[in-house]
Amino acid sequence: MKPSISKTFILLALLIGTGFHPYAQTNEATDKYFEISKNLEIYTNLFKELNIYYVDPIEPGLMTKTGIDAMLKGLDPYTNFISEAEIEDFEFQTSGRYGGIGTGIRIDDDSNVVIADPIEGSPVDKAGIRAGDIIVSIDGHTLKGKTEEQFGPLLKGSSGTTLTMVIQHPFTGEHTTHTIQRQEINISSVPYFTLLGNEKNIAYASLTQFTPNCSRDLQKALDSLKEQSKNLKGVVLDLRGNPGGLLSEAVSVCNLFLDRGQLVVSTKGKNADWNKEFHTNATAWNTSIPLVVLINHSSASASEIVSGTIQDLDRGVVIGTRSYGKGLVQIVRPLGYNTQLKVTTAKYYTPSGRCIQAIDYSHRNEDGSVAIVPDSLKKPFKTKNGRLVYDGGGVEPDVKTENVELSNMLQTLLAKGYIFDYATKYYHEHSDIAPPQEFRLSDAEFNAFVTWLNSKDYSYQTASERKLQELKEQAEAEKSFNKIRTEFNALAAKLAHDKKRDIAQHAAEVSRVLAAEIAGRYYYQKGRVINRLYNGDQDVQQALSLLDADGSKYNEILK
């Protein structure tokens, strides 16, 4: 019996049908509609013939997704097809809520599925399951060797449903069986807020994603800090690593610090319906308190709307490294059968008129690659006080801090799971640790980690070694390597790095990251954030130096 292709045809028709209508079109639009209809018919006929005549059974869902993904690949990376299997993950990304057991998952080098990051108070946490524990099976399905696509649906489900999970202790190997009831998991968009500064009168709040009502949560946090310190001297809003989210929430976050009626962002698209302006429409939390916004290269989209708007209006000082550079707006369109299309409809512009989109996806090179907007094409704009800012490259901070990139050494330790594994070992050997703001690894504890590493392979190639390897491959391709073999081997020996020397050179960096991972084992996600905040956070120190002083540096920047 041949499977029906109607679902595939309807899905594809919906994909393009929402934007086209055959009536009252110009000749050009009519021709385009005919071209689309013709190609849809070709696609449908091809699908039917494959289904009838191909030697092996085909998988309609997989083939359709592969085809759609390939079709969208030539557009920007934010226009995506969201399949039925991916819908829960997408809803979690946009809402901060999902139905499940409340933990991150990782796969180790032995293909075990491992508990990575239990959420405090979640079903898995209540069951006493900890980071590093191995999931042997779920409802009788063995997980070893399975991919996330294969085991993910076993973990997720409607709130109130149950699953049976067999867990293996990472060191004793003991197996325990747990019956866990799924529940709706809510991830707070404001995981941590506190008072900082010498006099504890600087409000600090971390905003990790622009999910529904995050502006309300942020205001509650600020209200709480204001209650604790009647004489707040400034606010530090941390948007580092915030990938964005809802545009409306970006406007509402700006509204906490801006008067009602202020233009925050405008959008412009091919369709005039997407040419809109978004203004603040509520009473501000505080329009005069000194404000610092922290950003880095992972701050994107809605984070850039907030930081760019605050900068354009000279409402606060932006500190950190250049933001990601995503100036595009997406909407979600239903396609039926619990699938959706996330499609870019417009570009957004901050109050000065600049678009911070850093990559030009509309003009591709012959090889299909895209280019970063060159400095020569970036246009200058002026802030409210007349300061120069530029489009086409993300938000450039007013105060730039060192772009702290992880060393090759640390990236290797993280990628191979050695930081994670040692934190698991430490947790099972220590019943408790100091509070997260105080916890640091002693020299003896760090040396114990280094000793543990001696039996591990954490070799890597430096940039120089990679270039040298490329030279060797090119010389071999040109049949000239034998002529330079002696000189090559001598140079390779000189460039060869020593693992013990490298771990000593990067000891401070590795120790900070390991301490944060360990703090997370005892105090969950919040403990990790707190430990990093109090353990050498240079951006925060820069912010405090502006807000803790007499205000002269802060005001000078905004002139």
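Two strands pair if DSSP finds at least two bridges between them. Helices (H or I, at least four residues) and strands (E, at least two) are DSSP runs, numbered from the N terminus. The model here is predicted, so local features need pLDDT of at least 70, side-chain atom pairs count only at pLDDT 80 or more, and totals for chains, interfaces and linings use all residues. Residues are numbered from 1 along each chain as its sequence is written, and side-chain values use heavy atoms, with hydrogens and water left out.

**Exercise 1.** Find the partners of strand E16 (residues 317-320).

*Solution.* Start with E15 (residues 291-295): four bridges tie this strand to E16, and the two run parallel. Pick out Leu294, whose bridge partner in E16 is Ile319. Now go to E23 (residues 399-400), which pairs with E16 in the parallel sense over two bridges. Here Ile319 has Val399 as its bridge partner.

**Exercise 2.** Work out which way the residues of E16 point.

*Solution.* Val317 and Ile319 point one way. Val318 and Gly320 point the other way. Then check burial: all of them are buried (under 20% relative accessible area, with a 1.4 Å probe and protein chains only).

Conventions
Buried < 20%, exposed > 50% of the residue type's maximum accessible area, 1.4 Å probe, protein only.
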